[in-house]
Amino acid sequence: MPWSWRFEKADGRPVDAGLPRETFTTQADAETWLGESWRELAEGGVDQVTLLEDDVEVYEMSLHPR
């Protein structure tokens with residue numbers, strides 16, 4: 001089952017604007033990629049991300065410090 005990230009504004013609207021789209025074979029690979037890429041995503045206007053396994057939402061996470 002593929003894993004992927006959905007990029008969103010703080011209100012849940014999707015953000016696409018030329019940001020990298022990746023799919024991963026494991027949750028760990030997806031999380032590692034996010035750990036390496038979150039700054040670039042935040043600079044591209046992403047406020048939060050949602051991890052998806054196929055089309056099922058696993059969890060949501062902010063890219064901003066709380």
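The model is predicted: local features require pLDDT of at least 70 and side-chain atom pairs count only at pLDDT 80 or more, whereas totals for chains, interfaces and linings use all residues. Residues are numbered from 1 along each chain as its sequence is written, and side-chain values use heavy atoms, with hydrogens and water left out.

**The whole chain**

Begin with the entire protein in a cartoon view. One helix and four strands are present, where helices (H or I, at least four residues) and strands (E, at least two) are DSSP runs numbered from the N terminus. Along the sequence their pattern is β-β-α-β-β. The radius of gyration is 11 Å, close to the 11 Å that the globule rule gives for 66 residues, so the protein is as compact as a globular protein of that length. That radius is taken over C-alpha atoms, and the rule is 2.2 Å times the number of residues to the power 0.38. Along its principal axes, the C-alpha trace spans about 30 × 25 × 20 Å.

Next, switch to a surface view. The accessible surface comes to about 4,300 Å², 50% of it belonging to carbon and sulfur atoms; areas come from the Shrake-Rupley method with a 1.4 Å probe. Of the 66 residues, 32% count as buried, that is, under 20% relative accessible area, with exposed meaning over 50% and partly exposed in between (1.4 Å probe, protein chains only).

**Leucine 51**

Select leucine 51, which is placed in strand S3 (residues 48-53). Its relative accessibility is 0%, so leucine 51 counts as buried. Apart from residues up to four places away in sequence, leucine 51 touches Trp3, Ser4, Trp5, Gln27, Ala30, Glu31, Val56, Glu57, Val58 and Tyr59; contact means heavy atoms within 4.5 Å.

**Serine 4**

Move to serine 4, in strand S1 (residues 3-8). Serine 4 counts as buried because its relative accessibility is 16%. Neighbours within four places in sequence aside, its contacts are Glu22, Thr23, Phe24, Thr50, Leu51 and Leu52.

**Aspartate 54**

Finally, select aspartate 54, in the loop between S3 and strand S4 (56-62). Its phi is near 55 degrees, a positive value in a residue other than glycine. Aspartate 54 is partly exposed, with a relative accessible area of 34%.
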